[in-house]
Amino acid sequence: MPAAAPVGILAMGTNLSGMEWAKDSLRFGASSVPNLNFTVPRKADVAYLAANGYTKNRLPIQWELLQPMLHNTVANAAARAAIGNPGAFHAAYEAYITGVLDAHAAAGMTCIIDCHNYCRYQDFKFQADGSVIGLTVPSNPLSRPYTSDNSQVKLRIFALAAGATLTQSNFTDFWTRAATKWKSHPGFGGYGLMNEPHDMPQPGGIVPWNDELVQRAEDLLIWPAFAQAAIAAIRAVDPLHPIYLAGNYWGGAMNIGPKYNPAWPLAGSNIIYEVHTYMDAFNNGGGFDFDLEVAKNYTAGFGVGPVTLNTGVDRMKIATDWAKANRVKLAVTEIGMPIDDPRWEEAFKRTVNHAYEAGCEIYSWMGGNHWPIHNHPTNHVPGWHQNKTLEPSVSGPMKAAAGIARATLFDDGPGWAPAGTPVTITVYARGNLASPVVLTVASNNGGILNKSRLTIPAGANGQDTFTHTPAANRVTTLSYTSDGQLGGQTPPPRKIYSLSDPVAYAATSLTDAAMAIIARYSACKWELADGHTDYLQGGPAADGQRVLAISDSGYGSRAGNAMEMLNWTNKDSSAMGSMSLPVMRVTNGKKNSDHTLSETFGFWCKKSVVTPVKPITRNLVPYNIEDAHFAIAAVSVPGLNNTGPVFQASLAEHIYSSDLGFSNSQPQAKWFDITGQTLVLTSPTRLPANAPAVIAFTSAAGAQKLRVNSVVVASASATFVPSPFNQMLIGWGFLGYYPREGFRGNVYSVITGKGAPTPGELAVLERYLGTTAGIG
């Protein structure tokens with residue numbers, strides 16, 4: 001059931017980012033395919049936000065994708081046939097937007113259409129005869145036409161001078177058509193005229209101002225003239241819906257005043273001035289390490305001096321004071337919270353509270369489900385943990401500001417503790433608690449708890465911790481009971497292992513022995529027995545249903561770093577591409593995911609990458625290629641020619657990886673580092689068709705092995721240079737911004753972790769995974 005929003009709640013939601021991501025090589029590359037180069041929000045995304053009390057979202061769109069030819073373009077018949085008629089909206093992209101509005105209407109929400117173009121438009125160069133040199137029409141009908149000649153693309157920008165390449169008539173035509181199309185849609189919530197105007201031409205100029213070495217000299221009256229014309233055009237069609245108006249200089253909250261926006265406020269009814277506010281030094285949402293931001297000793301809007309916990313509030317106060325003085329409405333249409341430091345959360349909480357108390361609408365950056373967004377250092381994207389939807393941490397302070405009381409409890413911590421060694425467990429809420437929740441923790445097998453009563457405080461994202469010191473050579477189950485708050489909700493029982501010899505313990509319990517080894521290496525484990533239909537309010541997947549979410553049932557997850565495996569591909573309609581989704585199968589009583597169809601997009605654990613400029617402490621894949629690591633999978637192949645990855649750890653934006661998979665149904669391990677060094681180990685024999693098997697690799701400096709059903713079938717010696725990973729995948733690959741075909745077989749379970757297990761430990765893990773596939 002949707003969370004009840006307080007009466008009179010201000011509009012609040014997120015930016016459903018994804019539809020604007022194709023801009024980088026638009027027109028001179030085939031980078032315009034849905035679910036690959038851009039992604040349309042799913043109905044499930046919208047329904048989940050509504051269920052959590054949110055009322056309105058912002059949908060960034062790309063002007064060129066919606067209106068691929070400006071209304072006054074002179075194009076010949078071939079160009080029109082390929083690109084579209086002048087001014088016409090692209091039918092598929094228009095339908096995507098309508099579908100998002102439909103989802104909002106069905107969920108009782110509304111949605112702002114935001115032209116996310118920065119006062120620019122990337123276009124073809126049309127020749128005097130209306131042709132485009134090198135114009136190419138891809139065979140894929142969902143991919144847009146492009147030119148093979150990069151010189152035949154030009155960037156247009158708003159200007160008032162003679163010879164302007166992007167005119168007021170272009171802009172008013174676009175918004176007139178959009179208003180006519182969507183003004184009556186029940187899910188429509190307003191017009192975001194233009195995202196982040198910036199670096200406009202100088203007075204009398206027609207090209208962007210981009211010389212940062214001298215004083216800014218752009219014409220600050222260009223954008224107001226275009227905005228006023230668009231307001232008049234929209235009001236001629238739609239007198240009611242709000243118009244969201246950003247300011248010059250990237251729409252920064254601290255820049256709303258007369259220095260950068262001397263024409264504000266503009267004439268018109270129901271105009272809401274939109275601002276963007278972040279807490280980092282440059283107010284661009286790109287600084288994720290609090291200490292590095294402080295060390296810059298600069299604060300945009302104020303000059304010399306470090307950022308503080310009040311930087312966001314200070315920036316917002318400039319905007320809220322201006323809005324109050326001018327008696328206009330204000331919306332924060334972009335605001336983000338880096339997820340990796342509690343100081344960012346405190347700064348964000350203060351900023352959101354100020355904005356809400358000042359009557360501002362609030363839209364976080366960024367939600368949506370395009371692949372780079374998942375676990376970006378600033379995101380509003382739900383995950384999946386302990387077989388429940390994991391609410392993004394940014395949501396907690398937003399809910400608290402609005403008085404929306406809803407939260408879910410989880411716990412995380414190590415599971416391996418040699419006798420006498422305490423382990424620390426964190427129990428935490430995601431969301432907002434109206435009142436404290438009290439839990440009691442108990443042990444079924446002795447040991448010492450430093451406390452048995454836990455209190456999760458009221459407010460956003462509260463947590464409490466405790467330690468457990470197990471007795472020697474035990475398997476201990478810790479369980480929770482609730483005081484009845486949150487409907488009696490508790491985290492699931494948690495096992496702690498202090499076994500002196502987990503390998504020998506396999507004679508007593510194979511499962512506990514395997515889990516003890518997984519705990520020892522803080523390894524991840526994904527079993528299809530845990531497969532669910534969705535990571536947003538999903539249920540257990542039955543035979544024949546799509547399976548889109550698998551929790552880490554091992555010990556790889558930590559508070560703030562859930563190692564979920566997800567599939568967020570939008571297949572709400574047939575116009576979303578030819579890719580397939582995994583389907584649950586039950587074979588001899590064992591659940592497995594079916595990846596046998598061509599272009600099956602499998603499961604994805606997407607994280608951040610560590611660099612010297614962007615250190616992240618929690619939101620990480622557990623190892624990089626140079627680290628000792630291992631991967632084990634229980635799988636089957638349907639034929640003799642299956643080729644592709646079963647499991648991959650890699651960097652999405654590069655082509656290096658560690659792969660466990662097949663070549664012509666022969667098990668194979670492959671490593672490729674950032675220098676191009678490649679190592680491939682291949683089994684000399686194929687797997688029999690449809691016969692489950694356990695395949696594995698181990699890699700440490702100077703020692704790599706490939707194992708099939710616990711037998712080493714190939715080995716080599718290599719040492720890889722440091723090459724960071726930011727993703728793990730099951731059933732497919734993704735390298736160099738592009739998906740790679742998987743092995744087109746069936747997956748029962750996968751384990752991966754950092755370290756070098758002994759042969760005996762590997763054998764226990766392999767035997768255990770074999771049981772998930774009915775082997776042994």
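In this structure G13 stands opposite Y363, a residue of strand β14, where strands (E, at least two residues) and helices (H or I, at least four) are DSSP runs numbered from the N terminus. The model is a predicted one, in which local features need pLDDT of at least 70 and side-chain atom pairs count only at pLDDT 80 or more, while totals for chains, interfaces and linings use all residues. Residues are numbered from 1 along each chain as its sequence is written, and side-chain values use heavy atoms, with hydrogens and water left out.

**The open sheet**

- Strand β1 pairs with strand β14 (residues 361–364) in the parallel sense, over three bridges; two strands count as paired if DSSP finds at least two bridges between them.
- Both strands belong to an open sheet of eight strands with parallel pairing, whose order is β1-β14-β13-β10-β9-β8-β3-β2.
- At the edges of this sheet are β1 (12–14) and β2 (56–61), each of which pairs on one side only.
- From one strand to the next, the twist averages 25 degrees, with axes being lines fitted to C-alpha atoms (for helices over the stretch in contact) and angles running from 0 to 180 degrees between N-to-C directions.
- Helix α8 (residues 311–326) packs on the sheet, where it touches β10 (271–277) and β13 (329–335), and its direction makes about 165 degrees with that of β10; contact here means heavy atoms within 4.5 Å.

**A buried strand**

- Strand β4 (residues 120–124) is largely enclosed by the rest of the structure, because five of its five residues are buried, a word that stands for under 20% relative accessible area, against over 50% for exposed and partly exposed in between (1.4 Å probe, protein chains only).
- Strand β4 is joined by five bridges to strand β7 (residues 153–157), and the two run antiparallel.
- Within this pairing, Q122 has L155 of β7 as its bridge partner.

**Aromatic rings**

- A pair of aromatic rings is described by two values, the distance of the centres and the angle of the planes.
- Rings of Phe, Tyr and Trp (its six-membered ring) pair if their centres lie within 6.5 Å, and planes under 30 degrees apart count as stacked, over 60 as edge-to-face and the rest as tilted.
- By this rule the count comes to 42 aromatic pairs, including the tilted pair of W63 and F174, with 5.2 Å from centre to centre and 40 degrees between the planes.
- This pair links distant parts of the chain, since W63 lies in helix α2 (residues 63–66) and F174 in helix α5 (residues 168–182), 111 residues apart.
- W63 is buried, with a relative accessible area of 0%, and F174 also counts as buried, at 0% relative accessibility.
- The rings of F410 and Y428 form a stacked pair, because their centres are 5.8 Å apart and their planes are at 25 degrees.
- F410 lies in strand β17 (residues 406–412) and Y428 in strand β18 (residues 423–433), so the pair ties together parts that are 18 residues apart in sequence.
- Both F410 and Y428 are buried.
- Ring pairs also link a cluster, among whose members are W63, Y121, F174 and W223.

**The whole protein**

- The secondary structure comes to 13 helices and 43 strands.
- Buried residues make up 59% of the 776 residues in the protein.
- The C-alpha trace spans about 85 × 60 × 50 Å along its principal axes.
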